[in-house]
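Please describe the interfaces in the model shown below. A short report with one table is enough.

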Amino acid sequence: MEVVPALGRLLRRVEPLQAQVSISDVADRLLRPEHTAVLSLPVVDADGRPLGLVSRSTLQDIFMQRFGRDLWGRKPVSEVMNPAPLVVSLDTSLEEAARQITAQLQSPIRDDFVLVDEQGLYQGLGTVLDLLKAMEHRVAQRNRVLRKALVDLKESQTQLVQSEKMASLGQMVAGVAHELNTPLGYVKNNVQLLRELTRPLLELADAQAALGDCLADPACAEDDLARALEEAGRLRELAAPELLAEDLEQLFADTGYGLQQIGELVVGLKDFARLDRAMSEEIDLNDCIRSALVIARNSIKDKAEVHQQLGELPRIACAPSQINQVLLNLLTNAAQAMEGFGRIQVKSWSENGQVLISVQDNGCGMPREVLERIFDPFYTTKPVGQGTGLGLSISFKIIQDHGGNIRVVSEPGRGTRFLISLPCSGAEELKRSA
Amino acid sequence: MSQPIRVMFVDDEERILRSLALQFRRDYEVLVESDPRRALERLKSEPVHVLVSDQRMPQMSGSELLAQAAELQPNAVRILLTGYSDLDAAIEALNSGGIFRYLTKPWEPREMAATLRQAGEIAALRQRQATPAAPRPVSAEALNLLLLDADPLTLECVGAFCSEGGHRLLRADNLSEALRQLNEERVDLLVSDLKLGGADTAPLLKSLAQAHPRLLSLVVTPFRDTQALLALINEAQIFRYLPKPIRKGMFDKGLRAAAEQALLYRAQPEQVVTRLADAPRSQPERERVGSLLGMLGRLRERLSA
């Protein structure tokens, strides 16, 4: 297939005039039906190079004068043509052509434009109306592409946010799973120990029951009684219940504690995810803080000690799983900022109709150029492959969606403090947007 | 009657310590510490045979504790007991702490008992050997090093190390060539990737740990797999695990330490096992190790001769 240049579609193959054609003939030609769509006719030299354009309106002006046709009709067209018409090469792009044409366009539009080939030879006429239509078509096409790009972008953004959420969720689940291993370790061992320690007790109970039977039986032989007595004594010594009591007590207590720990971790995980609750409800944010601390404990415990100062808070409407995600993000960031063993302080209070939560660490802090960008999507100071750079930008968005804001101050070498404030009365807006 | 085996457990969870102490108080003299810094203090004056430590503790990581303990009491056998699978911690515990086993929580009580028994025996043996002579002068003897890695960077490092120390460098491009070399030569050091000519070298490393417990294996690998490393520690008793791209300084340090250890082994005339590997856990791998052990038969004969 022949490649049609962009302007080829606009080409109207109007037969050109020679310079000496009379004005009268031109007027007749303009009236022909094939010329109704054009405003002007082209004039070319013997080689076919464009010399000018003669427009309908020029001829109208002439003929409207008294005796106009008689005075001018026999004169060659070259006398009244526009000698400097718009000439555009056919291989010009649509945009460039539009730029050139609109730059010289006059109001009202009286002329068309001349289309020439590479050698500058006349090929045909183009009309401004056709050009406009082509441009409109082009713009509509661009818009479609842009709209699609926007949809794609939004989709991949959603996917990224989702993958960030999954990454933090996965990290959290792995952390909690590992943390379960400690209580599981001693509970499992203790159960095995309890089994071993109670076996001699059961044997002793059996021997004492046999001895009791012997004593109760008048027909029991002296020998049998002596044997039963001896057996019971031997097993008693072996089992040493008086020494065992303390161990058993301790083992049961530790095992009970371990099971409670396991239960708390599982509840913490469930509370944290809040998959079983409504999107938005009246929540005490201190509960969110506590549950985020349970979940983050494993990634914090070898890096920092956590001090809590949780004041009494009014319940506020929010999406708790989202707030938990923000808190977990801040806590793990704080732990990762530690050089050596540090300290993280979590405070909550309420004032002026707002609930405030501050997470402060005494870690490495951030220089200003980092601080300015930390809420930017994809900004990360971690090596490639560790962290998406979305954690804080998502946190920012979540708090913003809740009608609150999140602020940060940091000093290199001293630490960083994040302050979240949420309006107590944000309930209605959130419900509407949720 | 020999002196009782002393085992120290370090964990920040007291309940773990109580549980372990109760389990082993009849078999060993059990010491427990919940603070790794206090544990280090005690290790300065109290000799132990076996040291078992948790990894994640507030004051100090387990791998750090084990590394420092290795300096204080090199003859004690060190074991990491952790609920987390953390590759970097495992690498540090092996390379700096020279751990004998990497155990995971929750542990199997019977396996723990078996591991402690082995560890206790090895430690007692090491200490008996260490007592008579003060650090004996180690002659700069030439060692044989077998390289199972086609990577030019590894070759460059190993080549430089060999020519500097006057050691002999042997090479093999595939497993059968490696087996031939191992059967014909007395190999002291082995530097191996986990892949050789497309084949997995882990079964060979595990077989060697059983057939030739004195051979020291240094693994250089681009893989970062905690489970694989754990198996290499427990079942192949590897000496070092060096992630690729290799860092020349660390690699060199590892090679030097291995050479020093190999010279010590050469200086000990009697056949004393101071390293002991677990049998592989997976059935197919156990079979593979079994057949490799057959092929390494000649090596065994020569060693026991």
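The report covers a chain–chain interface and a domain–domain interface.

This is a predicted model, in which local features need pLDDT of at least 70, side-chain atom pairs count only at pLDDT 80 or more, and totals for chains, interfaces and linings use all residues. Residues are numbered from 1 along each chain as its sequence is written, chains are lettered from A and ligands numbered from 1 in the order in which they are written, and side-chain values use heavy atoms, with hydrogens and water left out.

Chain A is assigned domain 1 (6–126), domain 2 (167–260) and domain 3 (274–433), with bounds from an automatic or database domain assignment. The C-alpha centres of domain 2 and domain 3 of chain A lie 48 Å apart.

The table lists buried area (accessible area, 1.4 Å probe, that two parts lose on being put together, summed over both).

| Interface | Buried area | Carbon and sulfur share |
|---|---|---|
| chain B and chain A | about 2100 Å² | 55% |
| domain 2 and domain 3 of chain A | about 510 Å² | 55% |

On chain B, R15(B), R56(B) and Y84(B) supply 27% of the area buried against chain A, more than any other three residues. Contact (heavy atoms within 4.5 Å) involves 22 residues of chain B and 24 residues of chain A.

Six salt bridges (side-chain nitrogen of Lys or Arg within 4 Å of a carboxyl oxygen of Asp or Glu) cross between chain B and chain A. One of them joins R18(B) to D254(A) at 2.8 Å, N to O. Between domain 2 and domain 3 of chain A there is one salt bridge; E179(A) pairs with R297(A), with the closest N and O atoms 2.8 Å apart.
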